[in-house]
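Reader: Please take me through the chains and contacts of this model in questions and answers.

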Amino acid sequence: MSKPILVLDNVCMYFGGLKAVDNLSFTVNEGEIVGLIGPNGAGKTTVFNCITQFYKEYTGDIYFINNDVKKDLRDIKVTEIINQGLVRTFQNVELIPDLSILDNLLIGAHNQYETGIISHILRTKKAREEEQVLKEKAYEILKFLNIFELKDFYVKGQPYGVMKKIEIARTLMSNPKMIILDEPAAGLNDRETDELENLIYEIKKKFNTTILLIEHDMGFVMNICDRIVAINFGKFLAMDTPKNIQKNKDVQEAYLGSDA
Amino acid sequence: MTDFLRLLFNSLETGSVYALAALGIVLIFRTSRTTNFAQGLIGTFNAYIAAFLMLRFGFGIWTVALAALVTAFITGIVIDTLIIRPAAKVSPISKQIITLGIIMVLIGILPWFFGVDSMTLPRFIPTEYSLTIFGANLRYNTIFVIVLSTLLMGAMFWFIQFTKWGLATRVTASDETTSKLMGVPTKTVTMVSWATAAMLGTLAALFVAPRVSVYANMLLTVQISAFFAGTLGGFSTFFGPVVGAFIISFARNFTQFYISDIWGNVLVYTSILVFLYFKPYGIFGKKPTKKV
Amino acid sequence: MKILNQIENFFGTLSKRLTKHPIVPFLIFGFVIASIGFLPHTGFIRWGTMGIYAYIVIFTVVAMGLNLLLGFSGLISLGTAGFVGAGALGLGVFMNMGIPFEIAALLVLIIAGSIGALIGLFSLKVEGIYLAIATLFVGEILRQIYTQVEIFGGQAIRIGTVRFLGFINLSMINQTQRSFLFLIITILMVLMMIIMHNIVKSKTGRALMAISRSQHAAQAMGISLLKYRLTAFILATLFATFGGIMYGLYFQNVPTTAWTLDLSLFVIAMVVVGGLKSIYGTFLGVFIIHGVPNLWLKNVFGDISYIFSGILIILVIIFYPYGFIYIWYDLKKIYFKYKARWSKKKVTDHE
């Protein structure tokens, strides 16, 4: 029996007079991989920004259910979303270019530090041990993603595919229950896309997470997702398995235009 | 009443000077993306030239002022070509430090070219020509400064708003890369901006000179006030800083006279800070939009 | 034999741990700098130039604080001079009230740190050039207060002899004591360098960089803008004020008129010219901006030396936009290039 983990209930978001998200409702269940698709400007990233509380001005409700505790995300600050077990990546890779890859991963573990700035200045035993534990964790994840050898290099100058991986690796540092990926395959070549496909499966298995993603590469979405939500002009079109989505009239119309 | 009028005339005069300097700073901020700390010193440098010409050859104030404006134009072009353009790719903060470098070069040049004796410049209209209104003395020179500055600023706004070159300046200010791709001669625009800014600074220096004599730091207060004016009015418009300049000049003169000589400035600055907390982009400024 | 081996092992790992320990280079660096304080006794340098070296040591601390802002947090302050002045003058005021040196220093740090916190709060609302000029307002307010409020003594405030740790009397006038003073400020500088190093290598340093490089990513990773803006400004003001306290401790006669915008700009120049995000780069920057003109150029060129300093700043920024310290990477590159060429040649020679 699948349990819901993320519930959107009648979410609306306006920018001035423009309706970016219009009465959108859908539910993501624990352990699923769900794709959010729609033509350009359909409001997909806006949905992500509402879920992760970058936008607070939406109407309707967004709930996150973790260990049977249901929370209204609106009550949670944007910087505390990650503590709920919900973490995201960005459409344009948002990494720290002049930090090493390892340090970029440690930023993902920011909230797991218990020692404060004074212990860091004094380099107390506890602070050093804590840093070491988190570094080990980062090593594990980097090895899992096959980029361990690069750990001490700056992010600046790395190929795009590697940067995308680092961003995913950073989300894994926070022990996420659910990962939200904004166009993970954009800008990757076919081989890298295939690799990413496997990687997302592996992540779901190994880290036991739920994944919600936006992607334009239809082949990728159809292969990987358990269910797909299609939206257009911020409106809900359909939510179904990839096969049924392909057959759905409304979705075809949104992408190809109506025959009439 | 007398005190009030005296303060009013005085504030209008200093306000005009601040406004000229502020316009120069905004012009460069908008076209070169840098806060030009050398604005004051570039003006001072050309005021030195004027004073030197007067001392050495006995020219009148109008002649040397004209000469100083010409040299200011040249100074602006030289600085842009030799220093600012090669540093086009440098970060804005580093560019600010480049303007500090310009300050140091000019400070080194001053005693070398002009000697260490202090020089003076007279008013454009001699002091004896003045009116008295309700007991307050109003010099014709003050009227001249206010009127000329207002006319100049009016002409500049007209130029920026209604001519082809003004349009080029505005588009360069809003997005240099796109403007360049659209065929706007951004290099010329930047160069002319530096030249114009240098002339505005020089004019401010010529107006201030009779009151303080000509020395290296003569424009320090003017320059700092001009920065404050830009912040108060908002750097994203050309007229905001002018309004800011007059507000600062009035607030300062009146608080210093009616409240306290020491705490007047502190009070004005603190109130502007509090104001900025609520209007972070100045009176007329707009918040730039950012995308997640 | 076995015991010998064990001893060897012990010292082997010890020396390995020592050379790998991050603070060792700072200690060596400090040792080299501290030795300058004793050179005048041997006649290698004149007593007169010691003030310049002390100034370099002091402003390294000030500039490191600004580097935390500028290099790591992407923020700028045009009010640094005001806080250095706060350290030096505040120390003087409190000590003239009869408060012991250590407590006076602590009081000054607390006061300046609170102002820094206020600026940090302010920075959440105001950004870019507006924030920069807001810090200039703060600097100007402080400057007005120093020059016009009576307790700062008008032109200058005299601290006189400092009683360090309650019993060591230290005066600028006595030459032996001056060497000792120099030693103390060098130790303090090394201490601040180590603190800086530990901060920037910790989660605080990473968080500061994350906020300035990608605010959205920082927020998504749970980094609080409020907390780290406050941290950045408090740290920067504390470093500046600490530098001011060192100034008071060493020079013992503090002018009230020196804390102007020009000085703040010079501190920025030190960071930009020396090396953003680099601790040794900061020292190098202070040395280039203050040391080179005052130690050498002024003797040779007099007032015209300003022209050379100005040109130096402009050239360094155009050719090394991240700071002169990064010339080190270029030198390394050249070295490896020639090394590779040389070893190739050797191989071909053998054939």
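Author: Two residues are in contact if their C-beta atoms, placed from the backbone, lie within 7 Å. The model is predicted; local features need pLDDT of at least 70, side-chain atom pairs count only at pLDDT 80 or more, and totals for chains, interfaces and linings use all residues. Residues are numbered from 1 along each chain as its sequence is written, while chains are lettered from A and ligands numbered from 1 in the order in which they are written.

Reader: Which element gives the most residues to the side of chain A that touches chain C?

Author: The contact takes 26 residues from chain A and 20 residues from chain C. Helices (H or I, at least four residues) and strands (E, at least two) are DSSP runs, numbered from the N terminus. On the chain A side, strand S6 (86-88), helix H2 (101-108) and helix H3 (117-122) each supply at least two residues. The largest contribution, four residues, is that of H2(A).

Reader: How many residues of the side of chain A that touches chain C are nonpolar, polar and charged?

Author: Ala, Val, Leu, Ile, Met, Phe, Trp, Tyr, Cys and Pro count as nonpolar, Asp, Glu, Lys and Arg as charged, and the others, Gly among them, as polar. By these classes, the side of chain A that touches chain C has 14 nonpolar, seven polar and five charged residues.

Reader: Which element gives the most to the side of chain C that touches chain B?

Author: Here the contact takes 36 residues from chain C and 39 residues from chain B. By class, the chain C side has 27 nonpolar, six polar and three charged residues. Helix H7 (128-148), H12 and helix H14 (305-319) of chain C are the elements that give two or more residues to this side. With 12 residues, the most comes from H7(C).

Reader: How do H4(C) and helix H12 of chain C pack, and at what angle?

Author: Axes are lines fitted to C-alpha atoms, for helices over the stretch in contact, and angles run from 0 to 180 degrees between N-to-C directions. H4(C) and H12(C) (residues 261-274) have axes 9 Å apart and an angle of about 75°. Because angles of 65 to 115 degrees count as roughly perpendicular (under 35 roughly parallel, over 145 roughly antiparallel, the rest oblique), H4(C) is roughly perpendicular to H12(C).

Reader: What is the class make-up of the contact of H4(C) with H12(C)?

Author: H4(C) contributes residues including Phe59(C), Leu66(C) and Asn67(C), and H12(C) contributes Val267(C), Ile268(C), Met270(C) and Val271(C). The residues of this contact divide into nine nonpolar, two polar and no charged.

Reader: What share of the residues in chain C is buried?

Author: Chain C has 15 helices and four strands. Its C-alpha trace spans about 85 × 55 × 55 Å along the principal axes. Of the 351 residues in chain C, the buried share is 51%.

Reader: What share of the residues in chain A is buried?

Author: Chain A has nine helices and 10 strands. Its C-alpha atoms fill a box of roughly 70 × 40 × 40 Å, taken along the principal axes. For the 260 residues in chain A, the buried share is 40%.

Key
Buried ≥ 20, exposed ≤ 12 C-beta atoms within 10 Å, placed from the backbone.
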